[in-house]
Amino acid sequence: MKLFRKYLPILTWGAEYNRQTMVNDLIVACIVTVMLIPQSLAYAMLAGLPPQVGLYASMAPLLMYAIFGTSRTLAVGPVAVASLMTAAAAGTIASQGAPEYLGAAIAMAMVSGLLLVGMGMLRLGFLANFLSHPVISGFITASGLQIAMGQVAPLIGIKGHGESFFDVVQSMLPHLGDVNPATAAVGITSLVFLFWVRSGLKPLLQKIGMGERSAGMLAKLGPIVAIGLTTVSVWSFGLADQGVKVVGTVPKGLPTLAMPSFEMDLWLKILVPALLISIVGYVESISVALTLAAKRRQRIDPDQELIALGMSNVGSAVSGGFPVTGGFSRSIVNFDAGAETPAAGAFTAIGIAIATLFLTPLLYFLPNATLAATIIVAVLSLVDLGAVKHTWRYSKADGAAMAATILLTLIEGVELGLITGVGLSIFLHLYKTSKPHVAVVGQLPGTMNFRNTLRHGVVTDPAILSLRIDASLYFPNARFIEEMVNDAVAANSKIRHVILECPAVNTIDSSGLESLEAINQRLKEGDVNLHLAEVKGPVMDRLLGTHFLEELTGEVHLTQYDAVARINPELAISTMEKKRVVKG
């Protein structure tokens with residue numbers, strides 16, 4: 001039963017479910033359903049798919065997450081970045097509107113889901129850590145800019161397409177003279193209204209006496225108001241006859257459950273994009289889930305979240321949807337509205353199903369320009385160009401990785417931009433760890449503590465070289481440490497003892513051990529003893545299984561003070577008795 005509860009969290013929260021909790025979750029579901037309907041339609045359009053596919057992707061995934069997810073408030077469904085990545089990948093298989101394009105998008109959800117489930121079963125959630133925050137932030141910023149630019153064309157009624165930001169701009173320039181006045185009026189009016197709703201409606205409602213929470217909830221319903229008003233306007237004034245493109249007929253009824261294509265050639269073509277969607281989606285989801293859970297002191301299991309997100313995508317695939325992930329804005333609404341369990345998501349799925357069964361005829365005159373405005377307002381909140389400046393100030397390497405990710409995503413498209421960003425992050429990490437911080441330390445007067453000789457007024461013995469290694473010893477940095485010790489000893493003929501202080505050494509791999517053996521041998525040939533101090537237990541356990549400690553010319557000491565006191569007890573004791581003097 002414990003194993004079932006681990007992989008099926010619904011058994012844990014479901015056992016405590018009661019009527020009051022159900023009422024709260026139902027209220028939340030009503031609010032989120034109203035918000036999710038326009039988002040589902042908009043993100044389906046962004047992915048280049050029929051509008052009903054967005055609704056299909058908002059039902060089964062929510063049910064699957066309610067069963068497998070550990071977050072009480074995460075709302076799963078179509079999101080902007082995953083939709084853009086889906087469009088980019090499916091566009092390499094077929095043109096938008098073709099059955100093969102839809103088949104590729106559905107198959108991508110299945111591949112993404114299976115990859116996530118496999119990673120969760122193998123507890124590979126740590127792989128997401130290779131997407132550093134600057135890279136993921138840069139990628140999302142660039143994606144937001146590209147998505148917004150891509151929606152300018154439908155916003156004003158002109159042609160525009162492309163796989164990158166600059167491709168879209170270049171394709172739109174020749175058609176700027178073809179702007180449809182009616183479409184532009186609908187689109188720009190919707191855009192201005194939605195921007196005002198986002199920033200100005202909540203303060204206005206609070207000014208007239210509404211509570212902060214209620215005002216915030218109503219402000220989130222801006223897109224549904226825009227959709228309702230513009231749909232009625234298009235129908236009333238016959239704007240469709242004036243060139244305003246509308247959604248048209250949206251099929252009624254629930255999706256038919258079916259397995260996607262298992263054609264091997266197709267799966268091989270979409271494997272890399274599906275993997276990137278999986279990782280980006282997981283990083284986004286787990287970040288939101290952990291943030292919201294911390295506010296309520298709830299626990300999130302990252303590896304189980306991989307499984308939950310994977311099963312959500314599998315559910316999307318078998319119900320005719322496209323890749324999904326946890327959405328930030330929907331999850332915030334879920335949280336603020338008071339969702340207590342993942343059942344709120346299941347109830348939302350039921351609400352979407354009811355809308356699909358009975359309300360789709362009302363969407364016929366929904367203008368594409370309004371959906372474009374909805375997308376632009378949503379994605380521009382993801383853009384944070386100021387982060388590049390702040391990141392560059394703190395770390396030029398991270399700032400460079402972030403800037404490179406943004407530029408390459410804008411120039412070459414989402415897939416190459418993200419792959420390059422990840423590769424650059426890994427390269428910079430290996431480069432930085434290949435040259436770890438190593439400090440020459442001495443004893444602080446009046447204490448048993450040892451600090452950097454360049455930062456503190458310390459006492460040292462010319463015959464003792466004490467080096468504090470501030471990183472683990474492994475293959476990228478092993479030779480660097482070896483050369484540093486050799487150069488320091490060669491530069492000072494008085495040295496007779498070298499102490500490697502290892503408080504930050506969490507592991508020593510085979511390359512690190514080989515370098516220690518080489519250091520020990522070379523020092524021995526120069527009549528210099530090698531000592532180790534403050535070696536952690538797990539590291540010591542590994543060393544005890546080798547011949548290194550038997551060949552060590554010096555000793556292993558519990559503390560740095562013990563090492564110096566063993567070699568030169570008079571200096572260590574007299575220094576400890578002195579009054580400490582700090583430089584400066």
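**H3 against H17**

I started with helix H3 (residues 19–46) and helix H17 (residues 343–358) in this predicted model. I get an angle of about 50° for the packing, and the axes sit 8 Å apart. H3 and H17 are therefore oblique to each other. I noted the crossing of H3 past H17 as right-handed.

Next I looked up who touches whom. On the H3 side I list Met 22, Asp 25, Leu 26, Val 28, Ala 29, Val 32, Thr 33, Leu 36 and Ile 37. They meet Ala 343, Ala 344, Phe 347, Thr 348, Gly 351, Ile 352 and Ala 355 in H17. Sorted by class, that contact has 12 nonpolar, three polar and one charged residues.

**H6 against H8**

I then went to helix H6 (residues 80–90) and helix H8 (residues 133–150). Here the packing angle is about 70°, with 10 Å between the axes. An angle of 65 to 115 degrees counts as roughly perpendicular, so H6 is roughly perpendicular to H8.

From H6, I find Ala 80, Val 81, Leu 84 and Met 85 in the contact. Their partners in H8 are Phe 139, Ser 143, Gln 146 and Ile 147. My tally for the contact of H6 with H8 is six nonpolar, two polar and no charged.

**Cysteines**

How many disulfides are there? I looked for cysteine sulfur atoms within 2.5 Å and the count came to zero.

Technical notes: Residues numbered from 1 in each chain as written. Predicted model: local features only at pLDDT ≥ 70, side-chain atom pairs only at ≥ 80, totals over all residues. Heavy atoms only, no water. Axes fitted to C-alpha atoms, helices over the stretch in contact; angles between N-to-C directions. Helix = DSSP H or I, 4+ residues; strand = E, 2+ residues; numbered from the N terminus. Parallel < 35°, antiparallel > 145°, perpendicular 65-115°, else oblique. Contact = heavy atoms within 4.5 Å. Nonpolar A, V, L, I, M, F, W, Y, C, P; charged D, E, K, R; others polar. Left-handed = near helix turned anticlockwise from the far one by under 90°.
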